[in-house]
Amino acid sequence: MALRNVREMGDDILRKKSKPVKQMTERIQTMIDDMYETMYETQGVGLAAPQIGVLRRVVVMDCGEGPITLINPVVSNPQGEQTGDEGCLSIPGKVAKVTRPMTVECDALDENMEPIHIEAEGLLARCICHECDHLDGILYPDVADGPLMDVAPMDEDEYEEYEEE
Ligand code: NI
């Protein structure tokens, strides 16, 4: 496995539409492995292939309940809404308020190209919407409720409390 360079906002590739994966290949499997390594290293909860410069409809996520790979994902049945801070590995040091559905369903293929169906709620629903947007060249500032804000740096006392938790 290898870390991949994460493209940042301003890079044209983040604005392009990704193509479906027709069959699993060694190259795509390696890309998925590298995407997980890169996501975990940078402490992200999700990463889409265009963020590492590959225009394929592949997403990896881990919202705290284990890894989920989505190939050619289709989001449906959005219900309710949630508003909260959202960030992106392609927009380091920034967050903005984004309103997303509270629940969504998602049909995709897994790494064996077998169909999977996910009923997602809360953070996972937010993450699926955010990552699938990347596959269509959409970044969260496009759909945010307000401006980008700097992530507040933690002062030392707060950091110590955080360490103790
Ligand atoms: Ni993102």
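Strands here are DSSP runs of E, at least two residues in length, numbered from the N terminus. In this predicted model, strand 3 spans residues 68-79, and asparagine 77 is one of its residues. Most residues other than glycine have a negative phi. With a relative accessible area of 36%, asparagine 77 is partly exposed, because the value falls between the 20% and 50% cut-offs.

A positive phi also occurs at glutamine 43, another residue other than glycine, where the angle is near 60°. The setting of glutamine 43 is a loop, the one that runs between helix 1 (26-41) and strand 1 (46-48). Here the relative accessible area is 72%, so glutamine 43 is classed as exposed, the threshold for that class being over 50%.

Attention now turns to glutamate 86. This residue belongs to strand 4, which covers residues 82-86. Its relative accessibility is 4%, and glutamate 86 therefore counts as buried, since that class takes in values under 20%. The side chain of glutamate 86 has a polar partner: a polar contact of 2.7 Å joins it to the side chain of arginine 100.

Conventions:
Residues numbered from 1 in each chain as written. Predicted model: local features only at pLDDT ≥ 70, side-chain atom pairs only at ≥ 80, totals over all residues. Heavy atoms only, no water. Helix = DSSP H or I, 4+ residues; strand = E, 2+ residues; numbered from the N terminus. Buried < 20%, exposed > 50% of the residue type's maximum accessible area, 1.4 Å probe, protein only. Polar contact = N/O pair within 3.5 Å; in protein donor to acceptor, adjacent residues only side chain to side chain.
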